[in-house]
Amino acid sequence: MVYTKKNPALLTMGVLLLALGAATQYGVLDGVVGYLKIGSKTGEIINLSFAFGAISVVVGAWSLWGKHEEGNLDYYLSTVAGGMFILLIAMIVTWFAAPLVAVISKGFGPVMSNKYLHDVLGLNYIVLGILAGIITVNVFKIPGWAENGVRLSRLGLKTGVILLGTLYSLAELAHLGRLSVVMIGFFVLGSVGLVLFLGRRRKIPNSMGGVLSAGMGVCGVSATVAAAPVVQAKPTEIAYTIGTILIWGVGCMFLFPVIGHLLNLGHIQFGAWAGTGILNSAQVAGAALAYQPDGIETLKVAEIFNITRVLFLPLIVLWLAVWYVRREETASATQVNVGKVVVEKFPLFVLGFILMFALSSTGIFAPAQHYKGKYFDNDIGESKLLTETEAALLASEAGKVQSPTRAEALARLIDNRKIMNIDDDATIRGLTNAKVLSRDANEALKKAHKVVYHTAKKVAAFRKWITWLFAFGLTGLGMQITGAAMRQAGGQPLVIGGIVGTIKAVLSLIVILLFVSETI
């Protein structure tokens with residue numbers, strides 16, 4: 001069978017991408033770039049547009065005028081058109097749609113502490129990409145020439161999950177403490193188990209229960225994507241899980257700070273609660289900053305608990321692999337050698353994630369003491385120090401700082417024109433958030449913070465690829481979600497997710513009130 005379809009679409013997309021790259025390179029789009037504030041992305045726009053535009057033109061010309069014969073070459077090249085169709089939409093969303101939403105959102109001003117509406121609702125390239133895919137398939141339909149390539153989206157997601165392992169390190173465990181490991185371990189494992197139990201009672205498919213348990217128990221979208229192939233989750237089931245996480249997380253961002261203030265929780269108490277009860281990392285940070293907008297003590301604790309949850313992801317994936325095999329064995333009434341199936345069928349991409357995680361812990365990609373590739377290092381050159389003018393400005397406003405700890409850290413910064421240690425950095429960030437000093441002085445503080453935190457070049461490259469792999473994969477995922485399939489799936493995931501999320505939030509709050517103090 002010959003899979004390639006003679007159609008000018010791929011060639012046309014290639015020409016459009018080449019035109020986009022040229023227009024960006026020669027300044028034709030400078031007005032758009034300035035309005036959307038995407039100047040930092042112009043290099044990426046030019047390079048990727050030219051690279052994938054050239055590929056599309058070459059393969060598109062072959063598809064249109066070349067000779068096609070049955071075989072592997074024809075099959076694999078026939079997927080290029082669909083893959084480029086997904087990528088083009090992902091590019092539009094990432095480069096233009098998401099920044100436009102951010103500009104419009106910022107026009108309304110902050111709606112929650114220093115967070116804008118698009119931050120609160122999580123309207124980033126991931127969510128917008130899924131929505132773009134859903135609109136494409138339900139309103140315009142997937143063209144016949146693109147159908148074969150749309151399946152490539154799963155490959156993008158799997159590769160992205162593998163590279164996620166490079167962003168974390170076991171060295172972080174030294175900073176987590178027993179409390180976070182015990183609490184997160186109990187609530188992660190308990191949430192996963194409770195979702196699986198409720199899913200069985202409410203008779204949802206095993207694949208739906210598996211992917212929902214990972215999303216609600218571990219760390220939101222990343223865990224959902226990582227667990228989906230393990231339990232063979234359908235696109236609609238992945239979408240329902242992501243939707244449940246989004247709805248739950250937005251509600252928690254508003255409710256947690258209110259409840260925290262009513263109960264007069266300390267910074268450590270609230271940070272531990274937010275890091276345990278809220279799933280999405282951005283929403284954890286939003287709730288922490290809403291609770292303590294004039295410092296980062298709460299944010300630091302919340303992020304520690306958030307990191308701990310991520311570190312449980314490999315364990316949960318292994319658990320779900322065994323659970324899914326056993327459940328399918330029972331459903332089919334056939335005897336299955338679980339150990340053999342897990343070894344033979346366990347997804348290689350998960351092993352890739354674990355391998356990358358292990359390599360990252362050795363310091364091969366970044367110094368072993370890092371979080372997402374960023375590490376503190378104040379060994380910087382003269383050109384990156386604060387200028388004499390900036391130091392003088394800070395000195396003139398130092399009298400406004402009432403906290404002795406902040407005053408001492410600021411004095412050391414002024415004397416050395418750079419942040420001297422990681423504790424001073426945390427204190428200076430708290431001073432910046434407090435907005436005690438003038439705008440220009442705060443800009444100097446932000447500059448001092450940025451120059452002592454470095455991102456390893458390898459991890460920076462990995463992060464760029466992860467961004468595009470998820471943009472590509474989740475846009476393609478959206479293209480596999482039809483209205484009919486959504487209606488058929490029903491609202492059970494939201495019900496189960498709401499029950500489990502509420503139980504976890506309430507129980508974790510009780511544990512924190514009983515056992516967590518401000519002195520740990």
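Colleague: How much space lies in the second largest pocket?
Modeller: About 580 Å³. This is a predicted model, where local features need pLDDT of at least 70 and side-chain atom pairs pLDDT 80 or more, while totals for chains, interfaces and linings use all residues. Numbering runs from 1 along each chain as its sequence is written, and side-chain values use heavy atoms, without hydrogens or water.

Colleague: Which residues are closest to its centre?
Modeller: F52, L87, W465, W468 and L469, out of 21 lining residues (an atom within 4 Å of a point on a 1 Å grid; a pocket is an open set with protein on both sides within 12 Å along at least five of seven lines).

Colleague: And which helices supply the lining?
Modeller: α3 (42-65), α4 (72-107), α8 (153-164) and α23 (457-478) each give at least two residues (helices are DSSP runs of H or I, at least four residues). The lining of that pocket has 14 nonpolar, five polar and two charged residues.

Colleague: Now cavities. How many are 30 Å³ or more?
Modeller: One, where a 1.4 Å probe fits but cannot get out. The largest cavity holds about 70 Å³.

Colleague: What lines the largest cavity?
Modeller: R154, L157, K158, V161, V225, A228, P229, I238 and F349. α8 gives the most, with four residues. By class, this cavity's lining has seven nonpolar, no polar and two charged residues.

Colleague: Different spot. Which residues of α19 meet α20?
Modeller: A391, L394 and A395 in α19 meet L410, L413 and I414 in α20 (heavy atoms within 4.5 Å). The residues of that contact are six nonpolar, no polar and no charged.

Methods:
Ala, Val, Leu, Ile, Met, Phe, Trp, Tyr, Cys and Pro count as nonpolar, Asp, Glu, Lys and Arg as charged, and the others, Gly among them, as polar. Grid points are joined across faces, edges and corners, and a volume is the space filled by probe spheres set on the points.
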